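Subject: Handing over the model

Hi,

Here is the structure I promised to pass on. Have a look at it first, and my notes come after.

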Amino acid sequence: MKITVEHLTLQYGDNVAVRDLDLEIGDGESLVLLGQSGCGKTSTMRCIAGLETPNGGRITIGDDVLFDADRGINRSPNKRNIGMVFQSYAIWPHMTVFENVAFGLKMKGVGRADVKARVMETLELVGLDGFADRGASALSGGQMQRVALARSVVMRPSVLLLDEPLSNLDARLRHRLRGDLRELQQSLGLTSVYVTHDQEEALALADRIAMMQHGRIVQIGSPDEIYAKPLSASIADFLGVANILSVSRKDETHVGVDGTDVVLEALPFAPLEELRACVRAEDIDVREGEPESGEIRGTVVSREFLGPTATYRIALSDDVDIELTRSKQQRLQLTEGDVVSLSIAPDSVQVLPLDVVNEHWADTPTSSLQEVG
C-alpha cells in the first residue's frame, strides 16, 4: 500500500518534533528514516501509526485517510491495519511462541483452523518453524525479535513500521537479521518504514533513505545516491565520512585546508558561504617517504588494527589531521612519527555546505545537484 504524508507537523509545547513534512512511500517500497536522536524520525513513524496526534497535516494509506487535521479525521491505531515492531521485543514471556503470534488473530475472532494455519506459515517465514511450543522466556534475543516480527506479519498489515528493532542485538546477529528482514519484506511485497540511526543498517535495508535533521527531511534518495552524493557536510559526517575539513575557497576548483598550507583540488562546486571538504578515509592514497610534486606531506600519529583493515591518523599540521584506511592487502608497516606522502584525487573531494541551506534541495534529485559535490 502507498503511504502519503502531507504537511505533517508535530509539536510538544515550544518544541517542534516534525516540521511541515511531505513524504510519499510507494507500494511495496522499503523506506528508511535515518538520523540522529531527536531528529523527528520516530515521531514521524508514531504519527503514521496513530500513536501520536499531529498538530497539522494529512496521512493516507492507499485511498484511506487515516489523519486529516483540517477535516477532523484521526483513525485510532487499531483501525489502521498497520503492523509495528519495536526496539523492545514486547512479547508475553508467560506464553508460548504460538500463543504470542496467535494473540492478535484470536482477538479479531479468526477461526481456530485459520489461526493455526496462518501462525505456522508465518513462523516458517521468519525462521521459527519448530519453535511453536517453546516458551517465549526461553528464547534468545534474536528469536524474541523474530516472534515480534511474526506477530505483526501474521495480521497481514497494509504496511509494516519498524522502530530500531535490531538495536538491542549484538553485531553479528544484527547483520544476519537485517538480511532476513530485507528478504522477508521483498518476498511479501510489504510497504515498510524503518527507523534507525545506523547508517550501515539503512544502506542495507532501504530502497530509499530519507535523511532527517531538525524535524525535516533534508535529503531523500536511493542508498547509492545518498552515499555517493550527500548534500551537506553534516549528512556526510553522519554517513561515516571520516574527514570533514574546514576550508576556504581559492577558486572554483580549489580550496585551502584551514590551519595548513594544503590546497585540495575538487570538481567544480557552487559558490557556498560556509564550506567543508569531505573526503572518505578509503579514498586517500599513501606511500612512505617525502612528497613529490602534487603530493601532500603528512606524519603518522597512530595506527589502529581492525582485522580486515587498518586505520591510520596522519597529521597535516600541528592542529589538523586526517584519517585513512587500508585493506589487509594494502596495509603499510607505518609507525608513529613516520613521514608519508598523500594523494587525493579531485573526484574524491566533495566541497559541501555545513548544512542543507535551501529547503528545495530536500525534494531535488541528487543528479541535478552534482555541481555542489
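Below is what turned up, going from the whole chain down to single residues.

A word on the ground rules first. This is a predicted model, so local features need pLDDT of at least 70 and side-chain atom pairs count only at pLDDT 80 or more, while totals for chains, interfaces and linings use all residues. Residues are numbered from 1 along each chain as its sequence is written, and side-chain values use heavy atoms, with hydrogens and water left out.

**The whole chain**

The protein chain has eight helices and 21 strands (DSSP runs numbered from the N terminus: H or I of at least four residues for helices, E of at least two for strands). Its C-alpha trace spans about 80 × 50 × 35 Å along the principal axes. Of the 373 residues, 49% are buried (buried is under 20% relative accessible area, exposed over 50%, partly exposed in between, with a 1.4 Å probe and protein chains only). Among contacts with a separation of 6 or more, 63% join residues 24 or more positions apart (a contact means heavy atoms within 4.5 Å).

UniProt, in an unreviewed entry, lists residues 3-239 as "domain: ABC transporter". UniProt positions are in the numbering used here, feature names are shortened, and annotations may be inferred rather than shown by experiment. Over that stretch, residues 3-239, the chain is 35% helix and 28% strand, with the end C-alpha atoms 26 Å apart.

**The cores**

A nonpolar core here is a set of buried Ala, Val, Leu, Ile, Met, Phe, Trp, Tyr and Cys residues joined through side-chain atoms within 4.5 Å. The largest has 47 residues, and Val119, Leu123, Leu149 and Met211 touch the most other members. Elements that each supply at least two residues of this core include β3 (30-34), α3 (112-125) and β10 (208-213), but α4 gives the most, with six residues. Setting aside neighbours within four places in sequence, Val119 is in contact with Phe98, Val101, Ala102, Leu105 and Val154. There is also a second, separate core of 31 residues, which includes Val247, Ile284, Ile322 and Leu334.

**Pocket and cavities**

Both were found on a 1 Å grid over the protein atoms alone: a cavity is a set of points where a 1.4 Å probe fits but cannot get out, a pocket is an open set with protein on both sides within 12 Å along at least five of seven lines, and lining residues have an atom within 4 Å of a point. Grid points are joined across faces, edges and corners, and a volume is the space filled by probe spheres set on the points.

The largest pocket has a volume of about 750 Å³. Its lining takes in 23 residues, with Asn78, Ile82, Gly83, Met84 and Met155 nearest the centre. β7 provides the largest share of that lining, four residues. By class, the pocket lining has 15 nonpolar, five polar and three charged residues (Ala, Val, Leu, Ile, Met, Phe, Trp, Tyr, Cys and Pro count as nonpolar, Asp, Glu, Lys and Arg as charged, and the others, Gly among them, as polar).

α5 gives the most to the lining, with four residues. The lining residues of the largest cavity divide into six nonpolar, three polar and one charged.

**A few local spots**

Helix α1 (residues 41-49) is mostly covered, as seven of its nine residues are buried. Those buried include Lys41, Ser43 and Thr44.

Val65 lies in strand β5 (residues 64-68) and is buried, with a relative accessible area of 15%. Beyond four places in sequence, its contacts include Ile59, Ile73 and Arg75. Arg75 is ten residues from Val65 in sequence and 8.2 Å away in space, C-alpha to C-alpha.

Which strand holds Arg276? Arg276 is in β15 (residues 275-279). Although charged by class, Arg276 counts as buried because its relative accessible area is 17%. Not counting residues up to four places away in sequence, Arg276 touches residues including Ala233, Val247 and Gln350. Val247 is also among the residues of the second core.

Cheers
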